[in-house]
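User: Hi! Could you walk me through a few spots in this model with me? I'll just ask as I go.

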Amino acid sequence: MLSKKEHIIKTLLFGAIVLLLWIPMIQQNFTFYEERPLKGAVVAKEKPQLTVDNWFSGKYQDSLNSFLNQHFGFRNTLVRLNNQKIYELYNIAKANGVIIGKENYLYEENYIKAYLGTDFIGKKKIRAHVEQLKFVQDTLQKLNKDIIFILAPGKGSFFPEYIPEDYLTQKKDSTNYQSFLSYFKTNGINYIDFNKWFRDNKGKTSYPLYAKAGIHWSKQSELWVADSILNYIETLRKIKLPDIIIDSTYFNYKNLYEDYDIGD
C-alpha cells in the first residue's frame, strides 16, 4: 500500500513525463519559445496537400511524415544537442560531408577528394570537356564575346597538412585540377588559376586566405579574387571596369559569415 507521500510523488512524476511528451507538440502548434534556425544547407519540407490520389497511393502519408519529422517542437535544439554530444564524445561532425582534420581544422570531404585525386574522372573525359569549351570560346570570340574559366582553390589543396592520415594514404598520381590545367594550356583556354595563387601566397598575406572552421575562402580573399577577375577582364577586353575599393576594415574576436560556416 502506497503512502500518501509516495502516491503524490508518483503522480507528479507521471504528470511530468506526460508534460514532457506534450511539450514538443505544444511548441509546434503555439511556438511559446523562439528557436534559432539551424545553420548550413537546410531544405525545408513543405506541408503536403491532401488529395484522393496521394492518400490512396500512400504518398501523402510519406510526405506528411517527412514534414512532421522536420517541424516538431524543439527539433533544432535537439539536433544541436545531439550533434554537439557526438562531436564531444567521438570527435565526429554530424554536418553532411564535414571532416574534422588535425588540430580541429574542418573540411568538406569533396575538397579532400579533389586534392587526393580520388574523384579523378580520367584524362579522356577532361580532354573532351576542354575541347568542347574551346569550341564555345572560339565561337563566342567570333561574336566579340569572351568566356573565362576559373580554377578555384580548395581547402584540401590549401591545407593538406591538416588532412587526417587515413585519407592521405589514398592519394593518387593524377587529379582533375592538374589535367584541366594541362589541357587549358595546350588548347589556349582563357583561365585564372586561383588554386596556384592561393598556395603560392599562403602565409604571405596580411589576412588569412582560409579560416580554420570555414569551408570557403575568407571574406578578405573574396575581395582579392573579385578584383583579380575584374583586372583580367579589363586586360582581355581592353576596357575599364569599376574598381573594388576597401575604404575601411574592422576586426572581430569571432569569425563571421563564411569564415565560420562549417563551424556553425
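Predicted model: local features only at pLDDT ≥ 70, side-chain atom pairs only at ≥ 80, totals over all residues.

User: Which helix is Ser 221 found in?
Analyst: That would be α11, which covers residues 219-237.

User: And is Ser 221 buried or exposed?
Analyst: Buried: its relative accessible area is 1%. The cut-off for buried is under 20%, so Ser 221 qualifies.

User: Thanks! Switching to the cores: how many residues are in the largest nonpolar core?
Analyst: It has 16 residues. Those with the most contacts inside it are Tyr 107, Ile 112, Phe 158, Phe 159, Tyr 167 and Phe 198. Helices α5 (109-116) and α10 (194-200) each supply at least two residues of this core.

User: What does Ile 112 touch, not counting residues up to four places away?
Analyst: Ile 112 touches Ile 99, Tyr 107, Ile 163 and Tyr 167 on that count. Apart from this core lies another one, of 10 residues, including Ile 126, Tyr 177, Leu 181 and Tyr 183.

User: OK, helix packing next. At what angle do the axes of α6 and α9 cross?
Analyst: Roughly 40 degrees, and the axes come within 10 Å. Here α6 spans residues 123-142 and α9 spans residues 176-187.

User: Which residues of α6 and α9 meet?
Analyst: From α6 there are Lys 123, Ile 126, Arg 127, His 129, Val 130, Leu 133 and Lys 134. They meet Asn 176, Ser 179, Phe 180, Tyr 183, Phe 184 and Asn 187 of α9. By class, this contact has six nonpolar, four polar and three charged residues.

User: Last topic: where does Asn 54 lie?
Analyst: Asn 54 lies in helix α2, residues 52-57. It counts as buried, at 14% relative accessibility.

User: And which residues is Asn 54 in contact with, leaving aside neighbours within four places in sequence?
Analyst: Gln 49, Lys 59, Tyr 60 and Gln 61.

User: How far apart are Asn 54 and Thr 186 in space?
Analyst: They are 56 Å apart, C-alpha to C-alpha, and 132 residues apart in sequence.

Methods
Residues numbered from 1 in each chain as written. Heavy atoms only, no water. Core = buried A, V, L, I, M, F, W, Y, C linked by side-chain atoms within 4.5 Å. Buried < 20%, exposed > 50% of the residue type's maximum accessible area, 1.4 Å probe, protein only. Helix = DSSP H or I, 4+ residues; strand = E, 2+ residues; numbered from the N terminus. Contact = heavy atoms within 4.5 Å. Axes fitted to C-alpha atoms, helices over the stretch in contact; angles between N-to-C directions. Nonpolar A, V, L, I, M, F, W, Y, C, P; charged D, E, K, R; others polar.
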